[in-house]
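Me: I would like to learn how to read the features of a protein model, one at a time. Where do we begin?

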Amino acid sequence: MKLQRKNRLRALSLGAVAVSGALALTACGSDDTGTKAGGDKSASASTNSSAVKCDDAKGQLQASGSSAQKNAIDAWVKQFTQACSGVQINYNPTGSGAGVTAFTQGQTAFAGSDSPLKPEEITASKNVCGGSPAIDLPMVGGPIAIGYNVPGVDNLVLDASTIAKIFDGKITKWDDTAIAKLNTGAKLPSTKIQAFHRSDESGTTDNFTKYLKAVAPSDWNYSGGKAWQAKGGQSAQGSSGLAQQVKQTAGAISYFELSYAGDGIGTVDLKTDAATPVKASVENATKAISSATVAGTGSDLALKLNYKPTEEGAYPLTLVTYEIVCEKGNKADTLPATKAFLNYIASEDGQKLLTDAKYAPIPAEIIAKVRTTLSSLS
């Protein structure tokens, strides 16, 4: 009897372990948005679909632009269209530059851009906004990760000066003295550095080079902008293209949003004025973005980022993606769907999805201004 009882308890214990293992495997799966299913379930659990207000939204909504926010848009669209089945949202991650151009040509209801509108773009927007200017609405924050593929090197620390020299072709080997000084004890190979940059106009490029200009001006002598200006290096289309090149190329290094840094891609810790190098994480990016200030005027909420934060643990290489929309003069057939979708992504529930997708929510004070502005779109 004792032996039977012992065997029965052992079987129950093994069964519990099997169930636990099955649950763990389920949580680690991937869904069709490219995000972890575990994160998606958590997001779904924390998102109340009844909080999505469809109002009179219906039909198709065309939008394009920033590839940086694609994974966030995918998660948002999935939740929104489940609640508002009469709306179809088509977002094309063509890059910030192409997205703004498509918007100012009247091809889309809104655009995504990792850089605020330039004066000439605001002027151009009046042609499709009935004489009213388009405005920048910050919706997505996050770290720009510097991804690398150096076999045998699991942890890598770089500072702005060294990064600038790498992407300007002045440092060409992974065992260069400048890199070695920042990584004492690491076994750095003499592998050639393969630096990749965006081939398309990109707000990610704009923000990456703004960081280098602000922190290492003597090592980055370029004016900056959405188009890559430094000579040499290799290029690829979109953030996903850069991430793919890093993953498959030994010795590669590039820059893209943290959500694209998947398996096989290490991310650089940034050496700042803080005591400890800072990791690229949502939490650390949020600390840096929290010190941003509103630089836009009127209803425009363009932000000025702080690339030299003093707070310990603040990751300064960040970007903010804006949804660009007409303040007034929106097309009557797309305005209800545009307002409903943008209201949802700016809502508390919409912003909650960002952390699971490796993005940083917009600070509370700023997103409150976004919600107020959205209510007056016409």
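Reply: We begin with strand pairing: two strands pair if DSSP finds at least two bridges between them. Helices (H or I, at least four residues) and strands (E, at least two) are DSSP runs, numbered from the N terminus. The model is predicted, so local features need pLDDT of at least 70 and side-chain atom pairs count only at pLDDT 80 or more, while totals for chains, interfaces and linings use all residues. Residues are numbered from 1 along each chain as its sequence is written, and side-chain values use heavy atoms, with hydrogens and water left out.

Me: Which strands pair with strand 13, and in what sense?

Reply: Strand 4 (residues 134-149) pairs with strand 13 over nine bridges, antiparallel. Within that pairing, Val-140 stands opposite Thr-321. Strand 3 (residues 110-113) is also antiparallel to strand 13, joined by three bridges. There, Ser-113 faces Tyr-322 as its opposite residue.

Me: How is burial judged, and how many residues of strand 13 are buried?

Reply: Relative accessible area decides: buried is under 20%, exposed over 50%, and partly exposed in between (1.4 Å probe, protein chains only). In strand 13 (residues 318-326), nine of nine residues are buried. Both faces are covered: Thr-318, Val-320, Tyr-322, Ile-324 and Cys-326 lie on one side, and Leu-319, Thr-321, Glu-323 and Val-325 on the other. Across the 378 residues of the protein chain, 51% are buried.

Me: What covers the buried residues of a helix such as helix 9?

Reply: Look for contacts, meaning heavy atoms within 4.5 Å. In helix 9 (residues 238-248), the buried residues are Gly-238, Ser-239, Gly-241, Leu-242, Ala-243 and Val-246. Their cover includes strand 4, strand 6 (194-198), helix 8, strand 7 (234-236) and strand 8 (252-257).

Me: What can the length of a helix be checked against?

Reply: An expected span, which is 1.5 Å times one less than the number of residues. Helix 3 (residues 70-83) has 14 residues and reaches 20 Å from its first C-alpha to its last, close to the 20 Å expected. Its buried residues include Ala-72, Trp-76 and Phe-80.

Me: Is Ser-132 buried or exposed?

Reply: Ser-132 counts as buried because its relative accessibility is 11%. This residue lies in the loop between helix 5 (119-125) and strand 4. Leaving out residues up to four places away in sequence, Ser-132 touches Ser-125, Lys-126, Glu-327 and Lys-328.

Me: What is the backbone phi of Asp-55, and where is the residue found?

Reply: Asp-55 has a positive phi of about 50 degrees although it is not a glycine. Its place is the loop between helix 2 (37-46) and strand 1 (59-65). With a relative accessible area of 63%, Asp-55 is exposed. Lys-358 also has a positive phi, near 70 degrees, and is not glycine either. Lys-358 sits in the loop between helix 12 (348-356) and helix 13 (364-375), and at 39% relative accessible area it is partly exposed.
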